[in-house]
Amino acid sequence: DAGVTQSPTHLIKTRGQHVTLRCSPISGHKSVSWYQQVLGQGPQFIFQYYEKEERGRGNFPDRFSARQFPNYSSELNVNALLLGDSALYLCASSLGGGLIGELFFGEGSRLTVL
Amino acid sequence: AQKITQTQPGMFVQEKEAVTLDCTYDTSDPSYGLFWYKQPSSGEMIFLIYQGSYDQQNATEGRYSLNFQKARKSANLVISASQLGDSAMYFCAMSSWNRDDKIIFGKGTRLHILP
């Protein structure tokens with residue numbers, strides 16, 4: 001069975017641009033969460049979606065938004081990119097609606113903002 | 001506020017030895033879960049072990065065990081009989097059963113297993 005898949009794996013943008021990152025959860029998983037991991041730090045929670053509804057939000061500006069589709073895949077959008085947005089963006093899926101229990105992570109999308 | 005602290009930025013351990021990775025946490029929530037994840041150089045986070053705050057016994061998963069000391073708010077990961085493939089970043093994480101569904105991670109410990 002396929003694990004969590006993320007696209008693109010690497011991308012380069014310039015300041016002020018917009019980026020869309022995509023995530024497909026494991027089949028049967030209804031929850032998707034997003035994380036930002038800056039080099040040398042642990043992942044920072046951005047959003048969690050369950051059954052297409054936002055269930056949790058981390059301390060990120062409104063430039064960050066996300067949504068979940070009927071097939072449970074998800075998109076993370078970041079507007080007006082800043083240099084500090086350069087990071088590895090991780091997506092995780094899980095069966096239930098909370099963040100308790102095992103999260104299955106993808107390999108991430110590495111964003112570089114120039 | 002919730003907080004996870006990992007005080008060991010890096011560790012070097014001889015192959016086949018046991019290793020303990022430290023994690024302390026802070027929360028005012030009575031119900032919470034503690035996790036350990038492994039992150040190889042590929043970037044993917046791999047779930048290792050989970051401990052619930054009300055679990056009476058320490059969690060074990062194969063070579064991994066979690067030394068949970070609730071009064072001291074510590075959740076150390078113990079890896080027995082370390083292997084070269086254990087070399088990676090290790091993150092301790094916590095989530096709570098409250099209105100805000102969030103999970104927080106520590107800064108991680110880079111473990112190097114020496115042959």
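Biologist: What kind of model is it, and what are the ground rules?
Modeller: It's a predicted model: local features need pLDDT of at least 70, side-chain atom pairs count only at pLDDT 80 or more, while totals for chains, interfaces and linings use all residues. Residues are numbered from 1 along each chain as its sequence is written, chains are lettered from A and ligands numbered from 1 in the order in which they are written, and side-chain values use heavy atoms, with hydrogens and water left out.

Biologist: OK, chain B. How many helices and strands?
Modeller: Chain B has 0 helices and 12 strands. Helices (H or I, at least four residues) and strands (E, at least two) are DSSP runs, numbered from the N terminus.

Biologist: And how compact is chain B?
Modeller: As compact as a globular protein of that length, because its radius of gyration is 14 Å, close to the 13 Å that the globule rule gives for 115 residues. The radius is taken over C-alpha atoms, and the rule is 2.2 Å times the number of residues to the power 0.38. The C-alpha atoms of chain B fill a box of roughly 45 × 30 × 20 Å along the principal axes.

Biologist: What share of chain B is buried?
Modeller: Of its 115 residues, 49% count as buried. Buried means under 20% relative accessible area, exposed over 50%, and partly exposed in between (1.4 Å probe, protein chains only).

Biologist: Switching to chain A, what's the strand count there?
Modeller: Chain A comes to 11 strands, with 0 helices. Its radius of gyration is 13 Å, which agrees with a value near 13 Å for a compact globule of 114 residues. The box for the C-alpha atoms of chain A is roughly 40 × 25 × 25 Å, again along the principal axes. Buried residues make up 50% of chain A.

Biologist: What about charges?
Modeller: Chain A has 10 positive and 9 negative side chains, and the centres of the two sets lie 7 Å apart. In chain B there are 11 positive and 11 negative ones, with the centres 5 Å apart. Lys and Arg count as positive and Asp and Glu as negative, while His and the chain ends are not counted. Each charge is placed at NZ of Lys, CZ of Arg, CG of Asp or CD of Glu.

Biologist: Which residues have the most contacts inside the largest nonpolar core?
Modeller: Those are Y25(B), L34(B), W36(B), I49(B), L77(B), Y90(B) and L111(B), in a core of 25 residues. The largest share of this core, 4 residues, comes from β10(B). A nonpolar core is a set of buried Ala, Val, Leu, Ile, Met, Phe, Trp, Tyr and Cys residues joined through side-chain atoms within 4.5 Å.

Biologist: What does L77(B) contact?
Modeller: Leaving aside neighbours within four places in sequence, L77(B) is in contact with residues including V19(B), W36(B), I49(B), Y64(B) and Y90(B). Contact means heavy atoms within 4.5 Å. Apart from this core lies another, of 22 residues, among them L21(A), F60(A), C91(A) and V113(A).

Biologist: Now N76(B): buried or exposed?
Modeller: N76(B) counts as buried because its relative accessibility is 13%. N76(B) lies in strand β9 of chain B, and beyond four places in sequence it touches residues including C23(B), W36(B) and N67(B).

Biologist: And where is N67(B)?
Modeller: N67(B) is found in strand β8 of chain B. With a relative accessible area of 28%, N67(B) is partly exposed. Not counting residues up to four places away in sequence, N67(B) touches N58(B), S74(B), A75(B) and N76(B).

Biologist: What's phi like at K73(B)?
Modeller: Near 55 degrees, a positive value in a residue other than glycine. K73(B) lies in the loop between β8 and β9 of chain B. A81(B), in the loop between β9 and β10 of chain B, has a positive phi of about 45 degrees although it is not a glycine. At 41% relative accessibility, A81(B) counts as partly exposed.
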